[in-house]
Amino acid sequence: MRAKLPKAPSTLEGEFLHALRLFGQDLPQAVPEFVFAPPRKFRADFCYTDARLLVELEGGVWSGGKHGRGSGIQKDCEKANHAAMHGYRVMRFTIKDFETDPEGAIKAVRTALATKTPAQEAG
């Protein structure tokens, strides 16, 4: 059996990575396709593991894609709830965020990374 090749970044993931290169050079490395909440196979688009911060990029919300339909929204809710139950914070962005204010999106990630949760403060 052949090993599964890593998937190529989506257009939206590429926009996020481009915005990071332009405005987030000081940020830690985000782990792509991060699996969390085992034994579930949920994957976050990106994770800042030390901060327990997941970044989800919601593609297709303006074009009738899966994130804009009932079943996709339901799955996204389940995924976000599992993230919360496992101590992760979730930030969600759409393509509009990167078309209108990519620097603002990265500033929001920077702010979240600098903000400690009660669990992090407790040690």
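Trainee: How many cavities of 30 Å³ or more does the structure hold?

Mentor: There is 1 cavity of 30 Å³ or more, a cavity being a set of points, on a 1 Å grid over the protein atoms alone, where a 1.4 Å probe fits but cannot get out. Bear in mind that this is a predicted model, in which local features need pLDDT of at least 70 and side-chain atom pairs count only at pLDDT 80 or more, whereas totals for chains, interfaces and linings use all residues. Residues are numbered from 1 along each chain as its sequence is written, and side-chain values use heavy atoms, with hydrogens and water left out.

Trainee: How much space lies in the largest cavity, and which residues line it?

Mentor: The largest cavity has about 80 Å³ of space, where the volume is the space filled by probe spheres set on the grid points, which are joined across faces, edges and corners. Its lining, meaning residues with an atom within 4 Å of a point, consists of F36, A44, L54, E56, E58, D76, K79, A80, A83, V90 and R92. The elements that contribute two or more residues to that lining are β3 (53–57), α2 and β4 (89–93).

Trainee: Which element gives the most to the lining?

Mentor: That is α2, which gives 4 residues. Helices here are DSSP runs of H or I with at least four residues and strands are runs of E with at least two, numbered from the N terminus.

Trainee: What does the side chain of K79 make a polar contact with?

Mentor: The partner is the side chain of E56, at 2.7 Å. A polar contact is a pair of N or O atoms within 3.5 Å; within protein, one atom must be able to donate a hydrogen and the other to accept it, and residues adjacent in sequence count only if both atoms are side-chain atoms. If we set aside neighbours within four places in sequence, K79 is in contact (heavy atoms within 4.5 Å) with F36, F42, R43, A44 and E56.

Trainee: How far apart are R43 and K79?

Mentor: They are 36 residues apart in sequence and 8.6 Å apart in space, C-alpha to C-alpha. R43 belongs to strand β2 (residues 42–48) and, at 43% relative accessibility, is partly exposed. Not counting residues up to four places away in sequence, R43 touches E33, F34, V35, F36, E56 and K79.

Trainee: E33 shows up there. What is its phi?

Mentor: E33 has a positive phi of about 50 degrees, although it is not a glycine. E33 lies in strand β1 and is partly exposed, with a relative accessible area of 25%. A37 also has a positive phi, of about 60 degrees, without being a glycine, and A37 belongs to the loop between β1 and β2. As for why that deserves a look, most residues other than glycine have a negative phi, and most peptide bonds are trans.

Trainee: Which residues does a cis peptide bond join?

Mentor: It joins P38 and P39, with omega about 5 degrees, and P39 is in the loop between β1 (31–36) and β2.

Trainee: What is H82 in contact with?

Mentor: Leaving aside neighbours within four places in sequence, H82 contacts F36, A37, R40 and F42. H82 lies in helix α2 and is buried, at 18% relative accessible area.

Trainee: Changing topic, how many disulfides are found?

Mentor: A search of the whole structure finds 0, a disulfide being a pair of cysteine sulfur atoms within 2.5 Å. C47 counts as buried at 0% relative accessibility, whereas C77 counts as partly exposed at 40%.

Trainee: And what pattern does the protein follow along the sequence?

Mentor: The pattern is α-β-β-β-α-β-α-α-α, from 5 helices and 4 strands, and 33% of the 123 residues count as buried.

Methods:
Buried < 20%, exposed > 50% of the residue type's maximum accessible area, 1.4 Å probe, protein only. 1 Å grid on protein atoms, 1.4 Å probe; cavity = no way out; pocket = protein on both sides within 12 Å on 5 of 7 lines; lining within 4 Å.
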